[in-house]
Amino acid sequence: MCHLAHKCLCRAGNDTCKATAATCTWRAPSTLGRIDMAASRLPSHEEQLVDADNGDGSASPSQGAGACGGYGSGIPVVDLGVLINGVAEQRLRAIRDLGRACEDWGFFMVTNHGVPETLREAVMDSCKELFSLPLEEKKEYMRAKPMDPIRIGTGFYSVVDAVACRRDYLKMFSHPDFHCPAKPAKLREIAMEYSACTRGLLLELTKAISESLGLAGGRLSEALNLESCFQILVGNHYPASSRPDDVALGFAAHSDHGLLTLLFQNGVDGLQVKHNGEWVLAKPIPGSFFVIAGDQLEIVTNGRYKGVLHRAMVGGEQSRMSFVSLIGPCLDAVVAPLPEMATDGRGLEFRGIKYRDYMQMQQSKTLDEKTALDVVRVQHHIDMSTCQGGST
Ligand SMILES: O=C(O)CCC(=O)C(=O)O
Ligand SMILES: [Fe+2]
């Protein structure tokens, strides 16, 4: 059980804290070092396949362009410690800032999140070990289909990729049922703990997001049946290139199918987020997480908070890794805009869809920016007879 007096984030989603004393320690972000595993060389699946000559898979130069970001690039920062333990006035301000971050960016960093750096390192490390396994050990999962609970692959979903993406991935469904490859042996326990810990964090954020919309803290959770929320863990590996000027697409522009995505990376940047029509390079505050708003947040809020477009660029001599924990509604929940969100005469922007069906559709489509969301978007026909002339 937790030994700390303050509220343990691992308990946010469950009543029983499963964290050990070692993993439940609240740490200020300033004490957290960055994970630097970039230097060590990890073979890509492609290399493992020993395919004689694969071509270079480079993306067009325009894909490589991206506005430079620093912590100063304006990406909002949310202090979870204040959201959970802050006094009333501080908390209100933090919730208002969180609402603004969701509305203006759909993307922010979270600090004071309570997930121990040792746990982040452990999960990234075991994921790296998995990628290093001989192909023979991974083959079973490389044949998996999008809705299979464990999948290892290359690209987005290789069968439907329109562009070559230099990305190897491991995906595992971790809630309501936990799935994990048998090897490496240590992955199971670590991933289970990471899943519980980050689920608690994401549910706590969801509560605050609900409040930021002027709703009760439990409203989103109740509408999406988050007690049985779907959760997936994804490890991404973007292999290094031998040419330092070789900038390419690691992961094409997309929005995530879920509600909220939590992401951290090894010491190598590459994640870009679309903001005001520009690609902004996301540079993390050491020890922080990125939070990415997903399509289900856009649907349930009737478009007020948008699932943000993001992509990963790769290039240079260091391989990049990122680790994702994503929560979505219960797979059987029909997700539709909350009636409270259809105010100011806008009407409903989306039709309801079962999350399982949405996910299936998104995973089997070619990645083309927002196509999956467009399928459930209601087309409002403009009655031209009521138009008064040109716009301002
Ligand atoms: O690797 C990254 O930074 C992006 C990964 C991502 O967008 C995803 O896994 O959905
Ligand atoms: Fe993503």
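Thr206 is found in helix 7 (helices are DSSP runs of H or I with at least four residues, strands are E runs of at least two, both numbered from the N terminus). The model is predicted, so local features need pLDDT of at least 70 and side-chain atom pairs count only at pLDDT 80 or more, while totals for chains, interfaces and linings use all residues. Residues are numbered from 1 along each chain as its sequence is written, chains are lettered from A and ligands numbered from 1 in the order in which they are written, and side-chain values use heavy atoms, with hydrogens and water left out.

**Overall architecture**

- The chain holds 11 helices and 14 strands.
- Of its 392 residues, 54% count as buried (under 20% relative accessible area, with exposed meaning over 50% and partly exposed in between, for a 1.4 Å probe and protein chains only).
- Among contacts with a separation of 6 or more, 79% join residues 24 or more positions apart (contact means heavy atoms within 4.5 Å).

**Iron site**

- His254 (NE2), Asp256 (OD) and His310 (NE2) coordinate the iron ion (ligand 2) at 2.1 to 2.2 Å.
- Donors are N, O and S atoms within 2.8 Å of the metal (3.2 Å for Na, K and Ca), and sites may look incomplete because water is not among the atoms.
- The spacing of these donor residues in sequence is H-x1-D-x53-H.
- His254 and Asp256 are both buried.

**Cavities**

- Searching the whole structure gives 3 cavities of 30 Å³ or more.
- A cavity is a set of points, on a 1 Å grid over the protein atoms alone, where a 1.4 Å probe fits but cannot get out; lining residues have an atom within 4 Å of a point.
- The largest cavity has a volume of about 330 Å³, a volume being the space filled by probe spheres set on the points, which are joined across faces, edges and corners.
- This cavity is lined by 29 residues, of which Arg167, Val234, Phe251, His254 and Asp256 are the closest to its centre.
- Elements giving two or more residues to this lining include strand 5 (230–238), strand 6 (248–254), strand 11 (310–314), strand 12 (320–328) and helix 10 (355–363).
- By class, the lining has 14 nonpolar, 8 polar and 7 charged residues (Ala, Val, Leu, Ile, Met, Phe, Trp, Tyr, Cys and Pro count as nonpolar, Asp, Glu, Lys and Arg as charged, and the others, Gly among them, as polar).

**Nonpolar cores**

- The largest nonpolar core has 91 residues, and Phe107 and Leu205 have the most contacts inside it (a core is a set of buried Ala, Val, Leu, Ile, Met, Phe, Trp, Tyr and Cys residues joined through side-chain atoms within 4.5 Å).
- Helix 7 (residues 187–212) gives the most to this core, with 11 residues.
- Beyond its neighbours within four places in sequence, Leu205 is in contact with Leu80, Leu83, Leu98, Phe108, Leu260 and Val291.
- Another core, of 5 residues, lies apart from the largest one and has Tyr238, Ala248, Ala312 and Val314 among its members.

**Selected buried residues**

- Thr206 has a relative accessible area of 3% and is therefore buried; not counting residues up to four places away in sequence, Thr206 touches Leu220, Leu226, Leu259, Leu260 and Ile327.
- Ser322, in strand 12, is buried because its relative accessible area is 1%.
- Leaving aside neighbours within four places in sequence, the contacts of Ser322 include Met124, Val234, Tyr238 and Leu263.
- Phe289 belongs to strand 10 (residues 289–293) and counts as buried at 0% relative accessibility.
- Phe289 and Val324 are 35 residues apart in sequence and 9.8 Å apart in space, C-alpha to C-alpha.

Terms used: On a 1 Å grid over the protein atoms alone, a cavity is a set of points where a 1.4 Å probe fits but cannot get out, and a pocket is an open set with protein on both sides within 12 Å along at least five of seven lines; lining residues have an atom within 4 Å of a point.
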